[in-house]
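Let's walk through this model together, from its overall build to a few side-chain details. Keep the viewer open as you read.

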Amino acid sequence: MSYEFNPENPIFEFPNPYKVENVFRIGAGALMVLVSCIILLDVRARLAQGFGGKEFVVAAIAVALLVFGILQLAQAFMQLRFFFGRDRPQDLAPRVAADTDGNSIRADHLKELLRQNAMSFEEPKGPLNGLLYSMLPHLIFAPLVLQHTAQAQFYRFLSLAVTLASLLVCWFFFGQGAASGWIGIAYALFAAQQVLKPLARHNTAAAGPMDTSTAIGLRSLVVLIVLALLGPALLGLGASLLPDLHGFSINGALALGLLCALLGCAAFGVALNNQLEPAPQAIGSARASETLTINAHPNKLIEEIDRVLMERWYSRIPNRRYTRRSPVINGEQGQFSADLLEETQPRPQPNRTAEGVAHAMATPQFRWLVILTAFAALCMVAGTVATLMFSKGVLAGKVNTTIAAIALFQLAVGVFCFRAAHVLWGRFDFVSELMWVELSGSYESARVNVGNQLSGQVQTQKSVINVEAMTMRVWVSEIDTVIFGKDAGRQLIRMRGRQDAANELSAHLKAFGETRSMVVAPTSTADLERARQVGATGQAVTAGVSAAALAMEAGESDLALATKPAVESAPRPRFCTGCGVALVPQMRFCGECGTAAGV
């Protein structure tokens, strides 16, 4: 993943959700580094007198504290600024590349949610979960990360309470004998293995895939109670067989550590309850269905869907495509199906992040989370101070195991509480739109001829696909998703139908499909100009043919007249040479004067 910067689009400039946690982490880490340096300076002052076993032990403690403090600072420094690229948060399903077909099981799950018009929530199992969900009824609607973390914390709270009660009982009855020191050791190992270590592993995995091995179980709690109650009696019976620890005891430090862990669990429970939201008032998707008849390839609708969905890109960021199935047309007739599933770029929801300690304390959603984080830092401060006191005591020749145990347990509880709070601080809420278009129907192939096929100057033909009464369904839903950590998996927690968007999209696609033409005709300016020139040439050719035909007819008439046999011409008129009177052709003498007519 990469961060992409665009000065016109500050959508990826997320507010830092770990701002409050960083304040306490940096404070605790800086104090650890400072105290470790003070201890090392004391060791350096002792080096002039020689380097003995005490100095070596204290130097090792200082180095361990230094490393621990630097780790806290490093964790805070990595969280000082967050860069979200357009590939974050993670997709709800595997993404399909542009202009390719593809699908996945997770995409089918999303489509089934849209089809069913409902959301499914994980059903809690077990009697202890029943008790937890009865106390927090809105927990069923929380993201799975919060549900699993709440279940684990509830189980740890019960385990810590039983362990603390058993420790106090055992300490009261057997704390004065030789088994007193072994009681603290046994319970410390028991608490570390059964409580702290599984919870630390659970909280580490909470930002990614959940570890369900820490789920609440009645059998495990029964075993824990039996061991906690019978363990002291068994320990008391075998105390005579154990070696004497000569006054070594960590019972008080362990009891204080368990009490602080219980307080941390209680604070986490209150903080979690303040972040739970009530049941959604509206869940589902909006659907629009149309019956469509087109005389074109169904893939034309898929292409138009691509263009329409491009207009719905959020902030000009391409949609995330989870499914694309193009219609397959083979043969003269048959059936086809196609669908397209896309999600708009998830955008952050406003007012879901604490802007600082003062703002967080003034907001009920974050108030107890600040208290839990401050309590974690306070435990680390107490452990650091106890480490300083123990180191100075060792250098002075006075080893106080109680102070050492307090330092160790308080640092462990600080890590315990910091990790629990980190899960809630790392929450990001997003909103986006999920759109699904499904096509199904049957087709027949046909050939269309347009124009006068006998005497027309322009004819056209086209092979078309006729789709009668195709079913088109459109689903549109606005979804809320959440992540815990910017690289963690995303979970859908709410969905609301967008009926206006579904109706608009279906109406547009229906109008587009019904206006597809099955006639081939010139459409561009160049085509129309060439067609005009061809038409003019045709008219000229037609006119030329007509003139040639007329000229040919006239020539044929003249030729016929020239080759026709000659006809006797009419006699020329004659006149009398004497008096000038016109003579009849048969007259040989003039009737007026009697003059003989000439030939």
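The chain has 14 helices and nine strands; helices (H or I, at least four residues) and strands (E, at least two) are DSSP runs, numbered from the N terminus. Please keep in mind that this is a predicted model, in which local features need pLDDT of at least 70 and side-chain atom pairs count only at pLDDT 80 or more, while totals for chains, interfaces and linings use all residues. Residues are numbered from 1 along each chain as its sequence is written, and side-chain values use heavy atoms, with hydrogens and water left out.

The chain has 599 residues, and 42% of them count as buried. Here buried means under 20% relative accessible area, exposed means over 50%, and partly exposed is in between (1.4 Å probe, protein chains only). Taking contacts (heavy atoms within 4.5 Å) between residues at least 6 apart in sequence, 77% join residues at least 24 apart.

Phe24 and Leu378 are 354 residues apart in sequence, yet their C-alpha atoms are 8.9 Å apart in space. If you set aside neighbours within four places in sequence, Phe24 is in contact with Val370, Thr373, Ala374, Ala377 and Phe418.

Now turn to the charged side chains. Side chains of opposite charge can pair when their charged atoms come close. The criterion for a salt bridge is a side-chain nitrogen of Lys or Arg within 4 Å of a carboxyl oxygen of Asp or Glu, and the structure holds 23 of them.

Which parts of the chain does the pair of Arg324 and Asp101 tie together? Arg324 belongs to strand 2 (residues 320-325) and Asp101 to the loop between helix 2 (53-78) and helix 3 (105-116), so this pair links parts that are 223 residues apart in sequence. The closest N and O atoms of this salt bridge are 3.4 Å apart. Arg324 is buried, with a relative accessible area of 8%, whereas Asp101 is partly exposed at 46%.

Strand 2 also holds Arg321, whose partner Asp306 lies in helix 9 (residues 299-310), so here the parts tied together are 15 residues apart in sequence. Arg321 counts as buried at 13% relative accessibility, while Asp306 is partly exposed at 22%.

For another example, look at Arg312 and Glu433, which meet in a salt bridge at 3.1 Å, N to O. Arg312 is in the loop between helix 9 and strand 2 and Glu433 is in strand 5 (residues 427-450), so the pair ties together parts that are 121 residues apart in sequence. Arg312 counts as partly exposed at 26% relative accessibility, and Glu433 counts as buried at 9%. Salt bridges that share partners also join Asp101, Asp306, Arg321, Arg324 and Glu342 into one network.

What about the cysteines? With a disulfide taken as a pair of cysteine sulfur atoms within 2.5 Å, the count comes to zero. Cys260 is in no disulfide, and its nearest cysteine sulfur, that of Cys379, is 4.7 Å away. Cys260 is buried, at 9% relative accessibility, while Cys37 is partly exposed at 35%.

Helix 4 (residues 127-135) shows how burial can be arranged around a helix: its buried residues are Leu128, Asn129, Leu132 and Tyr133. Seen down the axis of helix 4, these residues fall within an arc of 130 degrees, so they line one face of the helix; the arc is that of the directions from the helix axis to the C-beta atoms. The face turned away from the buried side carries the exposed residues Pro127 and Ser134.

Finally, visit the surface. Val23, Val270, Val357, Met361, Trp368 and Ile371 make a nonpolar patch of about 440 Å². Patches are made of residues with over 30% relative accessible area and no salt bridge, where like charges are joined within 9 Å and nonpolar side chains (Val, Leu, Ile, Met, Phe, Trp, Tyr) within 5 Å. Helix 10 (357-362) and helix 11 (364-395) each supply at least two residues of this patch. Met361 is in helix 10 and counts as partly exposed at 35% relative accessibility.

Note on methods. Accessible areas come from the Shrake-Rupley method with a 1.4 Å probe; for residues, only the protein chains shown count as cover.
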